Amino acid sequence: MHIPDGFITLYISIPAFVITIIVWAICFKKIKLSEQQVPMMGLLTALFFAAMFVNFPVIGGTTAHLLGGAAIGLILGPFAGCISVTIILVLQAFLFADGGITTLGANILNMGIIGVFIPCAIFLLANKAFKLKPGPSLYATIFIAAFAGDLLAALSAGVELGLSSSLFHYGVGFVLPAMAINHSIIGVAEGVVTVILITTLFKLRPDVLEKSPIFGKLNVFKNKVEVEA
């Protein structure tokens with residue numbers, strides 16, 4: 001999903017940078033990590049830094065791959081998740097030319113903002129409506145949130161590329177279906193990986209999830225806090 005240099009116009013890349021910078025500022029102001037979450041952030045950042053290098057060609061030089069935004073955002077919260085994915089994308093762009101420098105704002109908007117905040121929003125809305133607890137309904141929600149985050153991030157990239165047809169040579173009507181088809185498949189893998197990671201943490205390190213701005217809102221953790229109080 002990394003967009004290389006020269007694929008989107010300034011009319012797309014500049015607003016993307018502006019949006020990204022505003023969100024960065026908010027994230028740096030809002031981020032709060034517990035003692036347990038700091039090493040987890042480093043671990044997840046390294047894990048998905050490597051995972052993003054497993055690329056599958058889509059169209060015209062763009063690629064499809066796991067994002068990790070949903071997993072990082074749900075485990076650490078969207079603000080830390082956005083910063084984590086940003087670190088990954090900046091390192092990939094500057095050290096490995098995976099994604100362009102001029103398109104860095106767009107790539108972060110797609111993968112680090114949409115790919116992180118959308119899954120968190122879906123999960124919070126579902127938890128508010130259904131009072132989720134560990135079990136099939138919780139894991140289905142995690143899967144759907146991760147799938148949607150991956151797909152919407154890809155569609156956002158497709159819109160940016162399609163609106164830059166003077167450079168990319170493919171219009172929105174061609175790019176969006178290509179991105180949607182490929183990332184519907186990748187989205188399934190994203191959902192499965194995210195469920196496996198979070199299920200493992202529930203079993204081995206529930207303290208990390210308890211401190212999460214997202215999972216900390218589950219009744220299983222809220223009730224525990226009330227009992228301890």
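Predicted model: local features only at pLDDT ≥ 70, side-chain atom pairs only at ≥ 80, totals over all residues.
Residues are numbered from 1 along each chain as its sequence is written, and side-chain values use heavy atoms, with hydrogens and water left out.

**Figure 1. Overall view of the protein chain.** The protein chain contains 10 helices and 2 strands, where helices (H or I, at least four residues) and strands (E, at least two) are DSSP runs numbered from the N terminus. Their order from the N terminus is α-α-β-β-α-α-α-α-α-α-α-α. The C-alpha atoms fill a box of roughly 60 × 30 × 30 Å along the principal axes. The radius of gyration of the protein chain is 17 Å, which agrees with the value near 17 Å for a compact globule of 229 residues; the radius is taken over C-alpha atoms, and the globule rule is 2.2 Å times the number of residues to the power 0.38. Buried residues make up 50% of the 229 residues. Of the contacts with a separation of 6 or more, 77% join residues 24 or more positions apart, a contact being heavy atoms within 4.5 Å.

**Figure 2. Close-up of helix α3.** Gly 77 follows α3 and has a positive phi, near 100°.

**Figure 3. Close-up of the loop that holds Ile 101.** Ile 101 lies between α4 (78–96) and α5 (104–130). Ile 101 counts as partly exposed because its relative accessibility is 35%. Leaving aside residues up to four places away in sequence, Ile 101 touches Asp 5, Phe 17, Ala 93 and Phe 94. The C-alpha atoms of Ile 101 and Leu 204 are separated by 39 Å, and these residues are 103 positions apart along the chain.

**Figure 4. Close-up of two loop residues with positive phi.** Most residues other than glycine have a negative phi, and most peptide bonds are trans. Lys 131, which is not a glycine, has a positive phi near 50°. Lys 131 is located in the loop between α5 and α6 (136–162) and is exposed, with a relative accessible area of 52%.

**Figure 5. Close-up of the salt bridge.** The structure holds 1 salt bridge, defined as a side-chain nitrogen of Lys or Arg within 4 Å of a carboxyl oxygen of Asp or Glu. Side chains of opposite charge can pair when their charged atoms come close. Here Arg 205 is joined to Asp 207, with 2.9 Å between the closest N and O atoms. Arg 205 is partly exposed at 35% relative accessibility, and Asp 207 is partly exposed at 23%.

How values were computed. Buried < 20%, exposed > 50% of the residue type's maximum accessible area, 1.4 Å probe, protein only.
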